[in-house]
Amino acid sequence: MLTLRLMKDDDISLVAAWLNKEHVKKWYEIPHLNVTIDDWLYEINHRYDEFQWLTHLIVMWGDTPIGLCQYYNCQDSGEEDFGTLPLAGSYGIDYLIGEEDYLGKGLGKALISLLVDKIFSFPDAQRVTADIDKANQASEKSLLACGFVLIDGEDSRFVKTKNSFQ
Ligand SMILES: CC(C)(COP(=O)(O)OP(=O)(O)OC[C@H]1O[C@@H](n2cnc3c(N)ncnc32)[C@H](O)[C@@H]1OP(=O)(O)O)[C@@H](O)C(=O)NCCC(=O)NCCS
């Protein structure tokens, strides 16, 4: 069974290994925005201070950690690249399956679904958004299968609203 649990300090070396795997790195390194894997690790290592607005969760398949996801309240993030998305009530997400053996088995869809359910249990949550690379077909198809819609083709921004049925 797939579950999500809070990331602990002793998960970080595994998470760092996942982020540096080619199938993850190719999407998490974003050269045109100067985003490196070290930037993602910096956020993780500063999650109790500068990046306390981020919540990191480990994706578990039974007792096996297989991936990472995170969510954040867009208003708390101080980030400014949400385009026309209303910030109040919006939560951003990121996700990855680090263990190759667990790719392509429906677990990406399942983890996004669990993450969205968790966020929609928060009273203030109205919508969940994900900003992906246009070429990332596995990510795009996972979002679409979970009821997200594309709202900004330029940035490849997807949104799922709380009262959309899926
Ligand atoms: C994105 C990711 C979480 C998807 O998880 P997954 O378990 O591999 O995907 P699923 O098996 O749940 O499949 C989801 C959909 O993507 C499709 N898909 C899966 N792998 C694919 C691939 N390599 N190419 C194209 N489509 C793919 C599936 O057919 C399915 O589509 P469908 O619902 O229309 O049939 C996973 O591929 C991953 O972690 N990738 C590396 C990190 C990453 O890209 N994170 C997202 C950054 S925005």
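## A buried phenylalanine

Phenylalanine 122 has 19% relative accessibility, so this residue counts as buried (under 20% relative accessible area with a 1.4 Å probe and protein chains only; over 50% is exposed, and in between is partly exposed).

## About the model

This is a predicted model, where local features need pLDDT of at least 70, side-chain atom pairs count only at pLDDT 80 or more, and totals for chains, interfaces and linings use all residues. Residues are numbered from 1 along each chain as its sequence is written, and side-chain values use heavy atoms, with hydrogens and water left out.

## Rings that pair

The structure holds eight aromatic pairs (rings of Phe, Tyr and Trp, the last by its six-membered ring, with centres within 6.5 Å; planes under 30 degrees apart are stacked, over 60 edge-to-face and the rest tilted). In one of them, tyrosine 71 and tyrosine 91 have ring centres 6.4 Å apart and planes at 55 degrees, so the pair is tilted. This pair links distant parts of the chain, 20 residues apart: tyrosine 71 lies in strand E3 (residues 64–73) and tyrosine 91 in strand E4 (residues 90–97). Strands here are DSSP runs of at least two residues (E), and helices runs of at least four (H or I), numbered from the N terminus.

Tyrosine 91 is buried, at 7% relative accessibility. Its ring also pairs with that of phenylalanine 122, with centres 5.6 Å apart and planes at 50 degrees, so this pair is tilted.
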